[in-house]
Amino acid sequence: MAVICILMIILLVGADQGVKYWAVNSLQPKGSIDFIKTGNTEILDLTYVENRGAIFGSMAGQTWFLVGVTSLILIIGFAVLFMTMKRSKLLTTALVLFLAGGIGNLIDRIRLSYVVDMIEIKLFKFAVFNVADICVTVAFGLLIIYAFFVEPKIEEKEKKKNVKVGGGAD
């Protein structure tokens, strides 16, 4: 299972970096291109942006602080992944996505001092983001589902198992 998790992280980081490579080399000179449009309604554009901060550009100019915090969070994330890998496939998937997204953006911060973003939702005004951001956002959603719906069932199952094995609760 650990090998599959590592391979998935590598694959997702590779996809993120590949799209960013394309954005830097093909999209940056154009700035922005239409991507998905229905009639006169723009839904999604590909727009080159250099994010020098964190979420929504916050903490701009704090590159090395962000590198340090991200690195620490990733170390903790890997520890949690390997400690909980057999607990739930949903939790494992969330952690793999979270780690891949964190690594993808960390590579940019170290290599470029900013994160390359390129996906812009035009249907409503929203931030420009990238594949790594999508991984982290989906991971967050999965972690919420896990915390509210899966973990309580696992805890209840373990409690029942302990009652049967131990003959009663302490």
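This tour moves through the structure in short stops, naming what to select at each one.

The model is predicted, so to speak of a local feature requires pLDDT of at least 70, side-chain atom pairs count only at pLDDT 80 or more, and totals for chains, interfaces and linings use all residues. Residues are numbered from 1 along each chain as its sequence is written, and side-chain values use heavy atoms, with hydrogens and water left out.

**Stop 1: two helices**

Select residues 2-27, helix α1, and residues 63-84, helix α2; they pack at an angle of about 145°, with axes 11 Å apart. Helices here are DSSP runs of H or I with at least four residues, strands are runs of E with at least two, and both are numbered from the N terminus. Axes are lines fitted to C-alpha atoms, for helices over the stretch in contact, and angles run from 0 to 180 degrees between N-to-C directions.

Next, display the side chains of A2, C5, I6 and I9 on α1 and of F78, L81 and F82 on α2, which make the contact. Contact means heavy atoms within 4.5 Å. Seven nonpolar residues form this contact of α1 with α2, with no polar and no charged ones. Nonpolar covers Ala, Val, Leu, Ile, Met, Phe, Trp, Tyr, Cys and Pro; charged covers Asp, Glu, Lys and Arg; the others, Gly among them, are polar.

**Stop 2**

For C5, the nearest cysteine sulfur is that of C135, 14 Å away. C5 is buried at 3% relative accessibility, and C135 is buried as well, at 7%. Buried means under 20% relative accessible area, exposed over 50%, and partly exposed in between (1.4 Å probe, protein chains only).

**Stop 3: the hairpin**

Select residues 32-38, strand β1, and residues 41-51, strand β2; these antiparallel strands are joined by six bridges. Two strands pair if DSSP finds at least two bridges between them. Within the pair, I36 has L44 of β2 as its bridge partner. Two residues lie between the strands of this hairpin, and G39 takes a positive phi near 60°.

**Stop 4**

Finally, select G31, in the loop between α1 and β1. Apart from neighbours within four places in sequence, G31 contacts L46, T47 and Y48. The C-alpha atoms of G31 and V49 are 8.1 Å apart, with the two residues 18 apart along the chain.

Note on methods: A disulfide is a pair of cysteine sulfur atoms within 2.5 Å.
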